[in-house]
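Thanks for asking me to go through this one with you. Here is the structure, followed by my notes, point by point.

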Amino acid sequence: MSDCIFCKIVEGTLPSTKVYEDEDVLAFKDIQPAAPIHVLIIPKKHIPTMNDVTDEDGALIAKIFAAARKIAADLGVAESGYRLVNNVNRDGGQVVYHLHVHLLAGRKLGAIVQPDAG
């Protein structure tokens, strides 16, 4: 996708601070971190959202999660804990329409969903 910022990072036409790369997956530091450790893990194949993942993409999705485990171990947060987040579409908070998983760590993270007060 010629207008996709993440595809440009994969191509090398936009810079990033890479923390992991293999033939199918790239991971780099988020430029607007929401936690002390904030890494974006993306497939090199352009897939707009999780809704666009096909059965044929199953192995690729598994590679993304395998990369997340390795990155967490390499960054020393596998045992203390980390969070993986995938936002889908506008109401889900997705901003860049290239499938990506946020790896957040480096401090105790609060609950995502607060129980009803009523």
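This is a predicted model: local features need pLDDT of at least 70, side-chain atom pairs count only at pLDDT 80 or more; totals for chains, interfaces and linings use all residues.

**Notes on cysteines, cores and contacts**

1. C7 is buried, at a relative accessible area of 7%, where buried means under 20% relative accessible area, exposed over 50% and partly exposed in between (1.4 Å probe, protein chains only). C4 counts as buried too, at 7% relative accessibility. A search of the whole structure finds zero disulfides, a disulfide being a pair of cysteine sulfur atoms within 2.5 Å.

2. Residues are numbered from 1 along each chain as its sequence is written, and side-chain values use heavy atoms, with hydrogens and water left out.

3. The structure holds one aromatic pair. The ring centres of F6 and F28 are 5.5 Å apart and the planes are at 75 degrees, so the pair is edge-to-face. For the cut-offs, rings of Phe, Tyr and Trp (its six-membered ring) pair if their centres lie within 6.5 Å; planes under 30 degrees apart count as stacked, over 60 as edge-to-face and the rest as tilted. This pair links distant parts of the chain, 22 residues apart: F6 sits in helix α1 (residues 5–11) and F28 in strand β2 (residues 25–29). Helices (H or I, at least four residues) and strands (E, at least two) are DSSP runs, numbered from the N terminus. Both F6 and F28 are buried.

4. Which residues have the most contacts inside the largest nonpolar core? They are V25, V39, I41, I64, I71 and L103, in a core of 19 residues. Such a core is a set of buried Ala, Val, Leu, Ile, Met, Phe, Trp, Tyr and Cys residues joined through side-chain atoms within 4.5 Å. The elements giving two or more residues to this core are β2, β3, α2 and β5, and α2 supplies the largest share, seven residues. Apart from it lies another core, of eight residues, including F6, L26, L40 and I42.

5. V39 deserves a look of its own. Leaving aside neighbours within four places in sequence, V39 is in contact (heavy atoms within 4.5 Å) with V19, A27, F28, K29, D30, I71, L75, V101, H102 and L103.

6. H100 lies in the loop between β4 (82–85) and β5 (101–105). Is H100 buried or exposed? H100 is buried, with a relative accessible area of 6%. A polar atom of the H100 side chain lies 2.7 Å from the backbone oxygen of H98. Once neighbours within four places in sequence are set aside, the residues in contact with H100 are F6, L40, I41, I42, V85, N86 and Q94. One of these, F6, is also a member of the aromatic pair.

7. How many salt bridges does the structure hold? There are seven, a salt bridge being a side-chain nitrogen of Lys or Arg within 4 Å of a carboxyl oxygen of Asp or Glu. One of them joins K45 and D57 at 2.5 Å, N to O. K45 and D57 are 12 residues apart, each in the loop between β3 (37–43) and α2 (58–74). K45 counts as partly exposed at 44% relative accessibility, whereas D57 is buried, at 4%.

8. K70 forms a salt bridge with D74, with the closest N and O atoms 2.7 Å apart. These two residues are four apart in helix α2, so about one helical turn separates K70 and D74. K70 is partly exposed, with a relative accessible area of 41%. Elsewhere, salt bridges that share partners join K18, E21 and K44 into one network. Within it, the side chains of E21 and K18 meet at 3.2 Å, N to O. E21 is partly exposed at 40% relative accessibility, and K18 is partly exposed at 44%.

9. Phi of N89 is near 65 degrees, a positive value in a residue other than glycine. N89 is partly exposed, with a relative accessible area of 30%.

Conventions. A polar contact is a pair of N or O atoms within 3.5 Å; within protein, one must be able to donate a hydrogen and the other to accept it, and residues adjacent in sequence count only if both atoms are side-chain atoms.
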